[in-house]
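Please open the structure in the viewer and keep the selection tool at hand. The stops below proceed from one selection to the next.

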Amino acid sequence: QVQLVESGGGLVQPGGSLRLSCAASGSIFAIYAMGWYRQAPGKQRELVANIIRGGAPNYADSVKGRFTASRDNAKNTVYLQMNSLKPEDTAVYYCNANIRESIFSGARDYWGQGTQVTVSS
């Protein structure tokens, strides 16, 4: 069974910074893409950033230049460094990973439980 465990959310003032972490554990043969989505109240879940193994990060236009995604493949962990935060960044942030559990199975998407990020003065 695969689990994604997130950490690092919280309350921050506009212009501040937060760093999110997400570690995958369990039966893992390979991890392809890892990344972050967010969902604000009354809105659809949207991609924030993701990284395909061996590739460069891909960002939503709204966070380019402010957020930086990175991966530590040895630790099966993905990070999201969020700088210059704005009130409109307020949302529940979800970790997502495309994982293959064994050589006998195909890859599927897994989700973390979500972590709240609130940007407010």
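Begin by selecting the open sheet of four strands, whose order is E1-E3-E8-E7 with antiparallel pairing. Strands (E, at least two residues) and helices (H or I, at least four) are DSSP runs, numbered from the N terminus, and two strands pair if DSSP finds at least two bridges between them. Strand E1 (3-7) and E7 are the edge strands, each pairing on one side only. From one strand to the next, the twist averages 15°; axes are lines fitted to C-alpha atoms, for helices over the stretch in contact, and angles run from 0 to 180 degrees between N-to-C directions.

The model is predicted: local features need pLDDT of at least 70 and side-chain atom pairs count only at pLDDT 80 or more, whereas totals for chains, interfaces and linings use all residues. Residues are numbered from 1 along each chain as its sequence is written, and side-chain values use heavy atoms, with hydrogens and water left out.

Next, select E7 together with strand E8 (residues 77-82), which pair in the antiparallel sense over six bridges. Ala69 stands opposite Leu80 in E8. Strands of a sheet pair through backbone hydrogen bonds, either parallel or antiparallel.

Now select Cys22 and Cys95. How far apart are the sulfur atoms of Cys22 and Cys95? They lie 2.0 Å apart and form a disulfide, a term that denotes a pair of cysteine sulfur atoms within 2.5 Å. The pair links distant parts of the chain, with Cys22 in strand E3 (residues 18-25) and Cys95 in strand E9 (residues 91-100), 73 residues apart. The disulfide is left-handed because the torsion about the S-S bond is about -80°. Cys22 counts as buried at 0% relative accessibility, and Cys95 is buried with a relative accessible area of 0%. Buried means under 20% relative accessible area, exposed over 50%, and partly exposed in between (1.4 Å probe, protein chains only).

Two arginines follow. Select Arg66, in the loop between E6 and strand E7 (67-72). Arg66 counts as buried at 10% relative accessibility. Among the residues it touches, not counting those up to four places away in sequence, are Gln81, Asn83 and Asp89; contact means heavy atoms within 4.5 Å. Then select Arg53, in the loop between strand E5 (46-52) and strand E6 (58-59). With the same exclusion, Arg53 touches Ile31, Tyr32, Arg71 and Asn73. Arg53 and Lys43 are ten residues apart in sequence and 29 Å apart in space, C-alpha to C-alpha.

Finally, select the whole protein chain. It has zero helices and eleven strands. Its C-alpha atoms fill a box of roughly 50 × 25 × 25 Å, taken along the principal axes. Buried residues make up 40% of the 121 residues.
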